[in-house]
Amino acid sequence: MDTNRLTRREALRSGAALALVPGIATFTTAGQSGAPAQWPKIGVSTLGFGDCSNRELAEEFASKEVRTIQLFFNQTDNQYWAYNGRSDVSDITPDRAKAIANEYRSRGIDIHSIGVYTNLIHPEASERAANLDYFEAMMRIGAEMDVHTFITEAGHYQTQDSVPYHFQTDTWNRTVETVRELAKRAEACNATVLMEPTFLSFFASAKRTRVFLEEVDSPRIRALLDPANILEINDLEEMFAQLSLWIDCIHAKDRKLHVDFGVPAGQGDIDYRKFAALAAKHTPNAPLILEYVGTNDYLQAREVLLNAIRSLGEA
């Protein structure tokens, strides 16, 4: 997810999920051996649509044949978004949770996952415990909505130490312990949590993320790949080589090299044709969720992704 491009909150003033587009649901990369028979769903994060209510957003997406979203609690009638922290969600009753989900499902839109993005690396045990309780509350709300996949980064915390806090030995060990506890709570809620790497954080590279997932060793803890987040560290091939066995979802945005902020798909240095080919080869069942987009540009970003997919059939 990554907080850069203005701030994370401002940057992600965009997103909700797009549906399988006609001609893509059964898209085949003609002329290429081993091409998937079906292309993954294309979606968008709702975080960037903070000026819409859930009903307004559902109507917008339905009108553009959007059939999948990654839901953030950031709409005008449901604003609980707190990047790297937590919110009091105690007033989201089971009936209210079901009503939010119904705004989308009644219009044929699937909710793939819910964004949480709390802080799992905070040095204070009381803060980590409170954030775990918040995460569990979100998973229980998700269960009422019949959503069982949740997205997060490790979180951010800065100190004046010579070794950055994210890379200190004690931080690694505490975070393994914290995420194992999160896995236990996910098991109790029948949930899966996807960890998202970004190069300015604890999950700084694809390899570091893979090694962490192997150490936690839980089927309830898996990965979301956002290539723009680690493009500065890893080539696209490296990302998929390290994480393909763990990836359940992919963010589709972009980034220029040597800068600390992301941009919509097609406006950075990611080779989208190569990205599409690697996703098709290694993670055909993982939805591609457009990010860093909003009402004014999500259709343009979708077209960038679709053009990359279509180009595979021209090889």
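The structure is a predicted model, in which local features require a pLDDT of at least 70 and side-chain atom pairs count only at pLDDT 80 or more, while totals for chains, interfaces and linings use all residues. Residues are numbered from 1 along each chain as its sequence is written, and side-chain values use heavy atoms, with hydrogens and water left out.

The protein chain contains ten helices and twelve strands; helices (H or I, at least four residues) and strands (E, at least two) are DSSP runs numbered from the N terminus. Of its 315 residues, 58% count as buried, where buried denotes under 20% relative accessible area, exposed over 50% and partly exposed the range in between (1.4 Å probe, protein chains only). Among contacts between residues at least 6 apart in sequence, 78% join residues at least 24 apart, a contact being defined by heavy atoms within 4.5 Å.

Eight strands close into a barrel with parallel pairing, in the order β1-β2-β5-β6-β7-β8-β9-β12. Neighbouring strands of this sheet are turned against each other by 30° on average, direction ignored. Two strands are taken to pair if DSSP finds at least two bridges between them. Strands of a sheet pair through backbone hydrogen bonds, either parallel or antiparallel.

Strand β9 (residues 247-252) is largely enclosed by the rest of the structure, because five of its six residues are buried. Three bridges join β9 to strand β8 (residues 221-225), in a parallel arrangement, and L224 has C249 in β9 as its bridge partner. Strand β12 (residues 288-290) also runs parallel to β9 and is joined to it by three bridges, with L288 in β12 as the bridge partner of I250.

Axes are lines fitted to C-alpha atoms, for helices over the stretch in contact, and angles run from 0 to 180 degrees between N-to-C directions. Angles under 35 degrees count as roughly parallel, over 145 as roughly antiparallel, 65 to 115 as roughly perpendicular and the rest as oblique. A crossing is left-handed if the near helix is turned anticlockwise from the far one by less than a right angle, and right-handed if clockwise.

The axes of helix α2 (residues 54-63) and helix α3 (residues 94-105) come within 8 Å and cross at roughly 20°; α2 and α3 are therefore roughly parallel to each other. The crossing of α2 past α3 is right-handed. On the α2 side the contact is made by N54, R55, L57 and A58, and on the α3 side by I100, E103 and Y104. These residues divide into four nonpolar, one polar and two charged; Ala, Val, Leu, Ile, Met, Phe, Trp, Tyr, Cys and Pro count as nonpolar, Asp, Glu, Lys and Arg as charged, and the others, Gly among them, as polar.

Helix α5 (residues 169-188) packs against helix α6 (residues 206-216) at an angle of about 55°, with the axes 10 Å apart, and the two helices are therefore oblique to each other. The passage of α5 by α6 is right-handed. W172, T175, V176, V179 and R180 in α5 meet R208, V211, F212, E215 and V216 in α6, a set comprising six nonpolar, one polar and three charged residues.

For helix α9 (residues 272-282) and helix α10 (residues 298-312), the axes come within 8 Å and cross at roughly 70°. The helices α9 and α10 are therefore roughly perpendicular to each other, and α9 passes α10 in a right-handed crossing. Their contact brings Y272, R273, A276 and A277 of α9 to V304, L305, A308, I309, S311 and L312 of α10; eight of these residues are nonpolar, one is polar and one is charged.

Residue N190 lies in the loop between α5 and β7 (192-195). N190 counts as partly exposed because its relative accessibility is 44%. Leaving aside neighbours within four places in sequence, N190 is in contact with H148 and R220. N190 and V147 are 43 residues apart in sequence, with a C-alpha to C-alpha distance of 9.6 Å.
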